Amino acid sequence: MVFCLEKEEPRLRLRSAMVHFHASEVQQLLHNKFVVILGDSIQRAVYKDLVLLLQRDSLLTAAQLKAKGELSFEQDQLVAGGQLGELHNGTQYREVRQFCSGSGHHLVRFYFLTRVYSEYLEGVLEELTYGPAPDLVIINSCLWDLSRYGRCSMESYRENLERVFVRMDQVLPDSCLLVWNMAMPLGERVTGGFLLPELQPLAGSLRRDVVEGNFYSATLAGDHCFDVLDLHFHFRHAVQHRHRDGVHWDQHAHRHLSHLLLTHVADAWGVELPKRDYPSGQPFPPHEFFNYNSAEDFSMSSHLGCGPGVNFVPGPLPPPVPGPIPHGQHRGPVVHRGMPRCAPNSPYHMPRMGGPCRQRLRHSDRLIHTNKMDRQPPAHSGTWPG
């Protein structure tokens, strides 16, 4: 979803709204990029799947999805919190993870949040100002905000959303792409660890609260000209991939989420990706990933460095993957420039409501974020692949 249009324009929809990425393509798309992911356990799984996909074409295991605060995951490093501190389900839980590729050309960092805006988040923002400037920030916080902070949680959530978007607008460079991930749909029964036994009576209304919270977050993100990825809409029919706790999702759902997210990022950066045909037996969700269930359809609801000895520095592109070219894959460079910005349909699509607008660049009659191709790169960044 894209907000902050200067004027209403007819939108064209791509025949395929999502690209299935290979690890080699993700490596090139995020080459010399610093990615920051903030949020709850869902966002931690977003981080984990991205870290895995930067290294190889395989899916997360159930154990990897379930693990919390481990000292290392797929060559990453636990920087703070987690097993370095105390594992618990309280609002003061902290976990900071970081992955830096062996080549030093990919840096991904994750901060666990239990509230969308807080003194802790201010500390995170301050920390980001002293390190390399982020190229991509992916953020969401909703379930904790609406279930763990008292009777006026929705009002507090709306106020904190405004605060966090104002601060992000102030702190992040204009070249940084911020993507707000809307909260994914909950099950009818919620038994996730974050929902304490005394809060179980809230489980029934929490599904509807998430829809309301998503509406507010999408509106405010659009008001500040940030991008929105409507995961609630995309996964409303994928309930067979949701865990029994009613909150978390399996490895196929998270790989599907990664494809959606990376397609959005490539689109925002004006990067065209190859189109290919997929043989049977592919490790990605099949076309039958979505099964419609009207009972679950809420789309129209009525209610720090890189670690020891490694530096994040620019350098040459990774070499192409050896071996024969897969059937249907374009020859030549893995990524190409020039894909115009296009957003999938969504019930949350609405015109901008006014307010300050981040710097934009017109490309193919659509507005996209500026990126490193349009300014002098900072010391930590290299030249975008041509």
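This is a predicted model: local features need pLDDT of at least 70, side-chain atom pairs count only at pLDDT 80 or more; totals for chains, interfaces and linings use all residues.
Residues are numbered from 1 along each chain as its sequence is written, and side-chain values use heavy atoms, with hydrogens and water left out.

View A. Helices (H or I, at least four residues) and strands (E, at least two) are DSSP runs, numbered from the N terminus. Glu159 counts as partly exposed because its relative accessibility is 44%; buried means under 20% relative accessible area, exposed over 50%, and partly exposed in between (1.4 Å probe, protein chains only). Look also for Val116: it is 43 residues from Glu159 along the chain, with 10.0 Å between the two C-alpha atoms.

**View B. Helix α4 packs with helix α6.** Here α4 (residues 119-130) and α6 (residues 153-171) pack at an angle of about 10°, their axes 11 Å apart. This makes α4 roughly parallel to α6, a term for angles under 35 degrees, while over 145 counts as roughly antiparallel, 65 to 115 as roughly perpendicular and the rest as oblique. The axes are lines fitted to C-alpha atoms, for helices over the stretch in contact, and angles run from 0 to 180 degrees between N-to-C directions. From α4, Leu121, Glu122, Leu125 and Thr129 meet Val164, Arg167, Met168 and Val171 of α6; contact means heavy atoms within 4.5 Å. The residues of this contact divide into 5 nonpolar, 1 polar and 2 charged.

**View C. Val265 in helix α9.** Val265 sits in α9 (residues 251-268) and counts as buried, at 1% relative accessibility. Setting aside neighbours within four places in sequence, Val265 is in contact with Leu136 and Leu177.

**View D. Tyr93 and its ring partners.** The structure holds 8 aromatic pairs. Rings of Phe, Tyr and Trp (its six-membered ring) pair if their centres lie within 6.5 Å; planes under 30 degrees apart count as stacked, over 60 as edge-to-face and the rest as tilted. Tyr93 and Phe112 form an edge-to-face pair, 5.1 Å centre to centre and with 85° between the planes. Tyr93 lies in the loop between β2 (77-81) and β3 (95-100) and Phe112 in strand β4 (residues 106-112), so the pair ties together parts 19 residues apart in sequence. Tyr93 is buried at 1% relative accessibility, and Phe112 is buried with a relative accessible area of 3%. Ring pairs link Tyr47, Tyr93, Phe110, Phe112 and Trp144 into a cluster.

**View E. Charges over the rings of Tyr93 and Tyr149.** The charged end of Lys68 sits over the Tyr93 ring, 4.4 Å from its centre. Likewise, the charged end of Arg115 sits over the ring of Tyr149, 3.9 Å from its centre. The label applies if NZ of Lys or CZ of Arg is within 6 Å of the ring centre and within 35 degrees of the ring normal.

Methods:
Ala, Val, Leu, Ile, Met, Phe, Trp, Tyr, Cys and Pro count as nonpolar, Asp, Glu, Lys and Arg as charged, and the others, Gly among them, as polar.
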